[in-house]
Amino acid sequence: MRISIEGVGIVFRKGVRVLDGISIDVASGDFVALLGPSGCGKSTLLNAVAGLLDPAECSVEGRIALDGGRSSARRLGYVFQRDTLLPWRTLEENIHVGMEIHGMPTARRQQRTVELIALVGLQGFERYYPHQVSGGMRQRVQLVRTLAYEPEAILMDEPFGALDAQNRMLLQAELLRMWDRRRTTIVFVTHDLAEAITLAQRVVVLSKRPGRVKRVFDIPLPSPRDPFELRASRQFAELETRIWAELRDEFRVAPA
Amino acid sequence: MRTLSLAARRLAFVAALLLLWEALTGGFGTPAVLDPIIVARPSAALRELARYSDSGLLVKDVTATLEAATIGLLLGIAGGVLFGLVLGYARPVAETVEPVLVAFNSLPRIALAPVLIIAFGLGIASKVFLALFTVFFVIFFNTYLGIRSVDPELVKALRVMGAGRWQLARYVVLPSVFAWIFAALRTSVSFALSGAVVGEFVGSTQGLGYRMVISAGVLDTNRTYAILLLLMTIAVILVEVAKRVEDRLLRWRPAAQLIT
């Protein structure tokens with residue numbers, strides 16, 4: 001799915017402008033990271049694309065088109081930072097939810113769940129409830145729950161933000177493997193520079209509030225990428241230095 | 001002591017209490033600190049319980065009380081869930097009627113007993129209604145608050161997946177509301193029992209509450225205490241059953257969230 005964001009600005013009802021004149025074109029099959037300091041409106045932009053903004057709370061300028069049309073009707077996936085698994089469903093049943101909503105036949109559902117559980121190494125935990133497993137495992141389920149119903153684009157809002165460094169890298173590796181196989185369009189919000197470089201084909205650097213597109217970097221690292229190896233490479237270090245030079249000012253607190 | 005299991009320790013404690021009670025009321029040839037006319041001796045109460053049972057009245061009374069409590073409980077749950085769901089969704093209506101509902105909820109529901117006796121007579125209907133009202137408000141408020149406290153993040157997550165209004169109700173709203181309802185199950189069971197018994201206190205022709213008031217009226221302390229112990233046993237069993245049902249239905253919850 002192609003996502004075109006054209007001249008989007010968002011102002012909250014209280015008069016705070018969070019985004020200004022954002023234009024980003026995400027081609028079908030692209031993996032784009034939105035990188036910026038906290039409070040720059042990255043998540044708001046993602047919510048706008050997903051059609052989750054409450055019109056009573058903010059006004060949206062510009063245009064967001066999914067494959068040329070308006071949002072909501074299309075098949076989107078969204079992975080939240082906070083755990084949004086249904087606590088009364090087992091891990092397996094949580095993976096079913098999206099597929100049930102989209103009316104996939106039971107046999108197909110079960111077969112897919114077996115595959116996805118194996119993909120993230122959760123065999124044996126199918127019948128556990130979310131509260132019985134670790135945060136890393138829950139986040140894996142969130143990820144495959146989204147993949148399960150085959151959305152045409154996946155929006156991710158700092159999905160690994162609450163994880164420890166090791167789990168974070170493991171999940172990054174898993175996400176990269178999935179993307180290499182399926183090439184689903186992904187927009188990934190993060191404030192972690194290394195994560196953005198590791199995962200994305202392009203990194204969009206946003207300024208501090210009101211968020212504007214400061215610069216877009218292509219990440220020419222070859223696929224398949226291994227997050228554990230990547231960090232030691234010279235190319236990675238060079239990209240990090242270049243992007244950081246751009247980002248540095250945005251992380252500084254403005255003088256009063 | 002440390003080698004004894006919890007169950008054994010609890011049993012020993014109950015036995016000790018009974019023995020102390022027996023001694024204080026002049027059993028075992030001890031001086032009666034408590035007059036057995038005022039406080040019955042446990043042994044005498046138990047003997048009386050056997051007599052009560054032999055007379056055939058016990059089964060009749062227990063049946064009458066449990067029948068009223070059960071019907072009241074079921075109707076109260078059904079009504080509470082229904083009204084809670086309707087008002088939970090119809091926000092403007094709910095806001096309008098809220099003060100009246102809060103007033104009824106604040107009223108000691110037991111105080112409705114005389115009114116219900118006037119309206120429905122001495123038969124089972126007035127007890128059913130009293131049990132129903134006591135249960136209804138608990139379940140109603142839990143359902144209503146349950147709908148209002150549905151996690152908006154879960155709703156958002158399912159909306160992005162493409163869930164429509166009915167699917168949201170089915171996947172998110174109802175399961176989280178049921179969690180609130182199940183959590184009120186134990187309270188409802190003991191409320192229904194009190195409703196039925198108090199209804200019988202106020203005006204009836206049978207049932208444990210009725211028999212108790214009659215016995216107390218003629219200073220038959222032994223029978224009054226016998227019925228009290230019986231009621232306690234019935235309540236403990238019913239609440240335990242409700243607890244098991246609740247734990248089973250809410251097994252997906254982290255243990256810390258369960259109020260024990």
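Is Thr134(B) buried or exposed? I found Thr134(B) buried, with 28 other C-beta atoms within 10 Å.

Ground rules first. This is a predicted model, in which local features need pLDDT of at least 70 and side-chain atom pairs count only at pLDDT 80 or more, while totals for chains, interfaces and linings use all residues. Residues are numbered from 1 along each chain as its sequence is written, and chains are lettered from A and ligands numbered from 1 in the order in which they are written.

**Entry: around Thr134(B)**

I placed Thr134(B) in helix α6 of chain B. Helices (H or I, at least four residues) and strands (E, at least two) are DSSP runs, numbered from the N terminus. Leaving aside neighbours within four places in sequence, I listed the contacts of Thr134(B) as Arg109(B), Phe191(B), Ala192(B), Ser194(B) and Gly195(B). Contact here means C-beta atoms, placed from the backbone, within 7 Å. Phe191(B) is 57 residues from Thr134(B) in sequence, yet their C-alpha atoms are 6.1 Å apart.

**Entry: chain B overall**

I counted 11 helices and 0 strands in chain B. Of its 260 residues, 33% are buried. The radius of gyration of chain B is 23 Å, whereas a compact globule of 260 residues would have one near 18 Å. That radius is taken over C-alpha atoms, and the globule rule is 2.2 Å times the number of residues to the power 0.38. Along the principal axes, the C-alpha atoms fill a box of roughly 75 × 55 × 30 Å. Among contacts of chain B with a separation of 6 or more, 73% join residues 24 or more positions apart.

**Entry: the core**

Which residues touch the most other members of the largest nonpolar core? I noted Ala33(A), Leu155(A), Val187(A), Phe188(A), Val203(A), Ala131(B) and Val135(B), out of 118 residues. Helix α6 (residues 124–148) of chain B gives this core its largest share, 15 residues. A nonpolar core is a set of buried Ala, Val, Leu, Ile, Met, Phe, Trp, Tyr and Cys residues joined through C-beta atoms within 7 Å. Beyond four places in sequence, the contacts of Leu155(A) include Leu46(A), Leu76(A), Tyr78(A) and Val187(A).

**Entry: a sheet in chain A**

I traced an open antiparallel sheet of 3 strands, ordered β2-β1-β4 (chain A). β2 (17–26) and β4 (58–66) of chain A are at the edges with a single partner strand each, so one side of each has no neighbour in the sheet. The twist averages 5° from one strand to the next, with axes fitted to C-alpha atoms (for helices, over the stretch in contact) and angles running from 0 to 180 degrees between N-to-C directions. Strand β1 (residues 3–12) of chain A pairs with β2(A) over 6 bridges; pairing takes at least two DSSP bridges. Ile5(A) has Ile24(A) as its bridge partner in β2(A).

I looked next at helix α2 (residues 91–101) and helix α4 (residues 135–148) of chain A, which pack at about 30° with axes 7 Å apart. Between chains, 18 residues of chain A are in contact with 14 residues of chain B. On the side of chain A that touches chain B, α2(A) gives the most, with 3 residues.

Key: Buried ≥ 20, exposed ≤ 12 C-beta atoms within 10 Å, placed from the backbone. Contact = placed C-beta atoms within 7 Å.
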